[in-house]
Amino acid sequence: MGEKRFMKGNEAIAEAAVRGGCRFFAGYPITPQNEIPEYLSWRLPEVGGVYVQGESEISSVNMVYGASAMGTRAMTSSSGPGISLKAEGISYLAAAMLPALVVNISRGGPGLGSIQPAQSDYLQATKALGHGGFHCMVFAPNSAQEAVDTVYEAWEYAERDRNPVLVLMDGCLGNIMEEVELPPMKEVIPEEAPEWSLSRRNGRDYQGNITPIYTEPILEGLNAMAGEMYKAWEEDDVKVEEFMVDDAEYVVVAYGIASRVSKEAVLKLREEGYKVGLIRPITLFPFPKKSIHDLDYSRVKGIIDVEMTIPAQMRDDIELQVLERCPVYEYGRSGGCLLDDDGVYEAIKDIVAGGEA
Amino acid sequence: MKQSFVFTGSGGQGIMSAGITLAHTAIDMGKHATYLPEYGPEQRGGSAKCTVVINDDTIVSPLPRMCDNLIVMNEVALAKFIDDVKPGGVLLANASRIKGEIERDDVRVIAAPVDDIALEIGDPRVANIILLGILIGATEIVSKETLIESLKDKFKDKKPQVLEMNIKALNSGIEIGEQHKIN
């Protein structure tokens, strides 16, 4: 049994990062993720790690680049507007093939948007986290516990792939306090930093280095390698929860906070006899294509995309799998106005009951 | 049984603290709880709201639209949230700041001048704990003993008088709450 604590999602992320081996954080304040840097500012020094509040988002992400190049498990966190500023650095991390954890606790947008929670960064997270056509694995936990489990394992993926990992969670989940069970501290041995890291190469005679700059044929080769990596993710790393889908006539697709509110609605509608199910992408990239593609469309009458943003951003990814075999509906709240149980229940019921009429 | 609580008022009235204490106590009793704070960019004086859900089983959604128990600390919060309490629910109002009629006849209204009682006890800051006491006295959602344990933990780094004052506030709240006990 791990250690149980009542924590905010943001604090849980910070503690799980430390236990997962993170020893360097650099960031710049922004609501609604401030508990992450605040927590790490005292927690990292306790374990011999380093916390830096940078002078800007751009400097912070580049400090992460430096720490990661030395083989240190490093992370940064922000919310949408700050992630936009870090975009250049995240792209450089991907170019230099450096592992890192980036956390986006999202809020309303576009622009400065609202400091209140929203799921408005799906497209940024999954399609273009920066320039140059790279991807990161994107995890979307829907509870403080799942955030702990995800962040704890984040560097295993990041170091395996030598690529940054993104955890995308909205400000609601970041600020909700829930009970979590914390895993044990992973042992961090600096001498056992990844083989490619500069700390391992100090004093050795070697030609290689860590760089985001390549000649044309090498860059093309690296692009192709990245393409193969993304394909491998689709084969091996898709995470998805399917709930009451087997006999469902209507399937809700929702991630993060929207999936919890949607599941409550599904349970209530099932009690009323409606055959409704839920598909919850846990990895947004790789997207759980098969779960949606392989549904039996002779039975499924509609897919309902529920997101805490307007218009729905996951819809294109869903439609590419539905292939016009049934209608795709969407429901959302936006701008910092939260989804709620009754609203989602009524919206789904309207669609389901309307379809039966 | 699933129960939801919305605490509302303005920043500085102990809204968040009351919510966390209630949720923490529920967890200490082996129940499940979620606590969601909502506030604006102001450090003080802005509107403050938090939602607590307590359940025997895992909590699926932490975002109810309607709550079983609404706790309002001032008139602004009352006007904004009066329709958000379910019929048959509890509306607990701080009568020191809410003078007008509470226009809901389908809920159990408990009005108590908690700011004045807090001043009588000796510290205006314990008004929120009096409200928690009333809630416990009326609904028995969590046990008094476990809540006192939570308070002990919360104030372990403060002078002993702080804990004493809070327990006094809790007891005076429970006394009021018991007069409104829900059977």
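User: Where in chain A is Leu323(A) found?

Analyst: In this predicted model, Leu323(A) is found in the loop of chain A between helix 12 (315-322) and strand 15 (328-332).

User: What makes Leu323(A) count as exposed or buried?

Analyst: Leu323(A) has 10 other C-beta atoms within 10 Å, and a residue with 12 or fewer such atoms is called exposed, so Leu323(A) is exposed.

User: Which value of phi does Met97(A) have, and where does the residue lie?

Analyst: Phi of Met97(A) is near 55°, which is a positive value in a residue other than glycine, and Met97(A) lies in the loop between helix 4 (80-95) and strand 5 of chain A.

User: Why is Met97(A) called partly exposed?

Analyst: Met97(A) has 18 C-beta neighbours inside 10 Å; a residue counts as exposed at 12 or fewer and as buried at 20 or more, with partly exposed in between, and therefore Met97(A) is placed in the class of partly exposed residues.

User: How do you know whether the peptide bond from Gly109(A) to Pro110(A) is cis or trans?

Analyst: The omega of the bond from Gly109(A) to Pro110(A) is near 0°, and the bond is cis; Pro110(A) is found in the loop between strand 5 (100-108) and strand 6 (114-117) of chain A. The peptide bond from Phe285(A) to Pro286(A) is also cis, with omega near 5°, and Pro286(A) has its place in the loop between strand 13 (283-285) and helix 11 (289-293) of chain A.

User: Why are helix 4 of chain B and helix 6 of chain B described as oblique to each other?

Analyst: The axes of helix 4 (residues 127-139) and helix 6 (residues 160-178) of chain B come within 6 Å and cross at roughly 40°. Angles under 35 degrees count as roughly parallel and 65 to 115 as roughly perpendicular, so these two helices of chain B are oblique to each other. The crossing of helix 4 of chain B and helix 6 of chain B is right-handed, and the residues of their contact divide into 12 nonpolar, 7 polar and 2 charged.

User: How many residues of chain B are in contact with chain A, and which element supplies the largest share?

Analyst: In chain B, 17 residues are in contact with 19 residues of chain A, and strand 2 of chain B gives the largest share of the side that touches chain A, 5 residues. By class, that side of chain B has 12 nonpolar, 4 polar and 1 charged residues.

Conventions: Residues numbered from 1 in each chain as written. Chains lettered and ligands numbered in written order. Predicted model: local features only at pLDDT ≥ 70, side-chain atom pairs only at ≥ 80, totals over all residues. Axes fitted to C-alpha atoms, helices over the stretch in contact; angles between N-to-C directions. Helix = DSSP H or I, 4+ residues; strand = E, 2+ residues; numbered from the N terminus. Parallel < 35°, antiparallel > 145°, perpendicular 65-115°, else oblique. Left-handed = near helix turned anticlockwise from the far one by under 90°. Nonpolar A, V, L, I, M, F, W, Y, C, P; charged D, E, K, R; others polar. Contact = placed C-beta atoms within 7 Å.
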